[in-house]
Structure formats: structure tokens, C-alpha cells
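Here's a quick briefing to read alongside the model. Have the structure open and follow along.

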Amino acid sequence: MLLSNLSDFVVVSADSFPILCDLDGVVWLAHEPIPGSVDAVQRLRDAGHRVLFVTNNSASRVAEQQEALARIGIEARGDVLTSAMAAALLVEPGERVLVCGGVGIVEALEHRGAIVATDAIVDVVMVGFHRTFDYEIMRVAADAVRAGARLIGTNDDATYPTPQGVIPGGGAILAGIAVASGVSPIIAGKPYAAMAELVLIETGVDDLSASVMVGDRPETDGLFARTLGCRYAQVWSGVTARGSLVSPTPDLTGANLAAITDLVLGR
Ligand SMILES: [Mg+2]
């Protein structure tokens, strides 16, 4: 074997599987680190695990999310996977896309080689969370979908928790356009298949059965673990209170990422 070919092979031994981490409620709450999470990521990496941050956030640029992680002490360049990146996999290079969402979607589409269009003559309408959504945007988007464009949502989260309380999520915006156009959307983010494909592409691993998805929301993170065929670790540091009935049944449970890390590392 030529040495130059070595990088084509990803060797994952049984004890160095990738760890997939949700961000909000696992690593941080509104960019404030959850106690022990920064150290836990470092311990996992020191033990040889690649830690990937898998988020349904499609509004921010990847660099912004990496910078926010760097500010709390986590170097994450190349390790942040967003629902915008997953949604872009559902678009072919050269296709015209009407974006009803944030800059994260525009970035992912441009990286994919798709054309971000401002008129309604498009192949795809892509919807994600944004704070400037209004009736006119809904009208143009629904028109395009009725004219034959595919309706793709980056995620279908109905709400997001914020320090100011619960706010409508990208899924609420998507539902409006779906109702107005009469078309069911294809959804990319956790727990759906496009996000799983993104993880497989990024890890280069085709069997993730030893891996662990750490999340706070069973209907998103737990089901995503099922989609990937990996283990699900439920933490109580986010939207789900300790003692709640959790479905799907987690393989591991812990107060937070630090506790899950202790279990994964056998300490
Ligand atoms: Mg979460």
C-alpha cells in the first residue's frame, strides 16, 4: 500500500468510536457552558474519540458556531454539523433554491454549488428558522412550491427554549408554508436521514453501532440515534427533566455530558 493512500482509510477501533453531541442542553444553554461539558469533550478527545457537534441550528454560519464553541474553550473546526449542511445534500449542484431561512442555509447551499435565487422560478424552496419571516415570504414560497418546487425544511423543531422563554422554531415556519402550499416537506435535520448521511460522510465510518449520540431531546436526538443505528445517551441538563418517561429508551443516562463521559470512558 502506498503511504499516500493511507488517508483514504478511516480506522476506527472498537474503543475509539465517534461521539456525536447535540449542542443546546448538552454542551451549553444559550452559549453558557453546562458545568463539566468543556472538560468532558477534552477527556473524550484525549481518549481518542472524535467529537462531532450535531445541531439542528440552520440559521448561523458554521464559523459563528465554531467561534461560540471556541469562546467557551472548545476547538471545533471541522467538527460542527448543521441541519443546513444536511439539507444542502438534498439539493443538486446548479439547482435554483429560494431560501426562507438564515445565512447558515445560504452558506451551505453555496458550498454545495446550488444557486440561491430571489425569484419564485426555483427547483427547491428551503425553509429554516429566521426572525424576519412574514406573510409576503410565505406567499412567494407557497407559490413556488405549488408551481412544482420541492419543499425542504432544515428541521421541524416546533419551538426553541431561550433564556427569555420558549420561541417558535423553524418547524413552525415550515408548517405555515406547507399548509399554504398543500405539500408535505422533506426534512433534513435530526432525526431524519439526510443528517445521518451527513454524519456518515463526515466520519467516513459506515457502522456507527458503537458510537454514542448524546442529547437532551428524545424525540430528536434519541430518534436520530435510532436512524444512525448508534447508542443514545440521554442527559438531564436540557429540556427533559430527570425522571421523565423517555422514548426511545436510552442506552445511557446521566445528569450531563460529564456524567455520560464517565460512563463512556468506564470511570
Ligand atoms: Mg438540545
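Leu20 stands opposite Met213 in strand 13. That pair is a handy way into the fold, so keep in mind what kind of model this is. It's predicted: local features need pLDDT of at least 70, side-chain atom pairs count only at pLDDT 80 or more, and totals for chains, interfaces and linings use all residues. Residues are numbered from 1 along each chain as its sequence is written.

- Strand 1 (residues 19-21) and strand 13 run parallel, with 3 bridges joining them. Strands pair here if DSSP finds at least two bridges between them, and strands (E, at least two residues) and helices (H or I, at least four) are DSSP runs numbered from the N terminus.
- Gly215 has Gln234 of strand 14 as its bridge partner.
- Strand 13 (residues 212-215) is covered on both faces: Val212 and Val214 are buried on one side, Met213 and Gly215 on the other. Buried means 20 or more other C-beta atoms within 10 Å of the residue's own, exposed means 12 or fewer, and partly exposed is in between, with C-beta atoms placed from the backbone.
- As background, side chains in a regular strand alternate between the two faces of the sheet.

**Helix 5 against helix 6**

- Helix 5 (residues 135-146) and helix 6 (residues 170-181) pack at about 50°, and their axes are 9 Å apart. The axes are lines fitted to C-alpha atoms, for helices over the stretch in contact, and angles run from 0 to 180 degrees between N-to-C directions.
- Helix 5 and helix 6 are therefore oblique to each other. For the labels, under 35 degrees is roughly parallel, over 145 roughly antiparallel, 65 to 115 roughly perpendicular, and the rest oblique.
- The crossing of helix 5 past helix 6 is right-handed. That's the label if the near helix is turned clockwise from the far one by less than a right angle, with anticlockwise being left-handed.
- On the helix 5 side, Met138, Ala141, Ala142, Val145 and Arg146 make the contact; on the helix 6 side, Gly176, Ile177, Ala180 and Ser181 do. Contact means C-beta atoms, placed from the backbone, that lie within 7 Å.
- The contact residues of helix 5 with helix 6 split into 6 nonpolar, 2 polar and 1 charged. Ala, Val, Leu, Ile, Met, Phe, Trp, Tyr, Cys and Pro count as nonpolar, Asp, Glu, Lys and Arg as charged, and the others, Gly among them, as polar.

**Helix 7 and its surroundings**

- Helix 7 and helix 8 (residues 218-228) have axes that come within 10 Å and cross at roughly 60°.
- This pair, helix 7 and helix 8, is therefore oblique, and helix 7 passes helix 8 in a right-handed crossing.
- Ala193, Met195, Ala196 and Val199 of helix 7 meet Phe224, Thr227 and Leu228 of helix 8. The residues of this contact of helix 7 with helix 8 come to 6 nonpolar, 1 polar and no charged.
- Buried residues in helix 7 include Ala194, Met195, Ala196, Leu198 and Val199.
- The buried residues of helix 7 pack against strand 1, strand 4 (51-55), strand 5 (80-82), helix 3 (83-88) and helix 8.

- Most residues other than glycine have a negative phi, and most peptide bonds are trans.
- Lys190 and Pro191 are joined by a cis peptide bond, with omega about 5°. Pro191 sits in the loop between strand 12 (186-187) and helix 7 (193-203).
- Another cis peptide bond joins Ser247 and Pro248, with omega about 0°. Look for Pro248 in the loop between strand 14 and strand 15 (252-254).
- Ala30 has a positive phi, near 50°, and lies in the loop between strand 2 (28-29) and strand 3 (32-33). Ala30 is exposed, since 11 other C-beta atoms lie within 10 Å.
- His31 has a positive phi too, near 70°, in the loop between strand 2 and strand 3. With 14 C-beta neighbours inside 10 Å, His31 counts as partly exposed.

**Ala117**

- Ala117 is in strand 7 (residues 115-117) and is partly exposed, with 18 other C-beta atoms within 10 Å.
- Beyond its neighbours within four places in sequence, Ala117 is in contact with Arg96, Val97, Leu98 and Val122.
- From Ala117 to Thr249, it's 132 residues in sequence and 43 Å in space, C-alpha to C-alpha.

Notes:
Contact = placed C-beta atoms within 7 Å.
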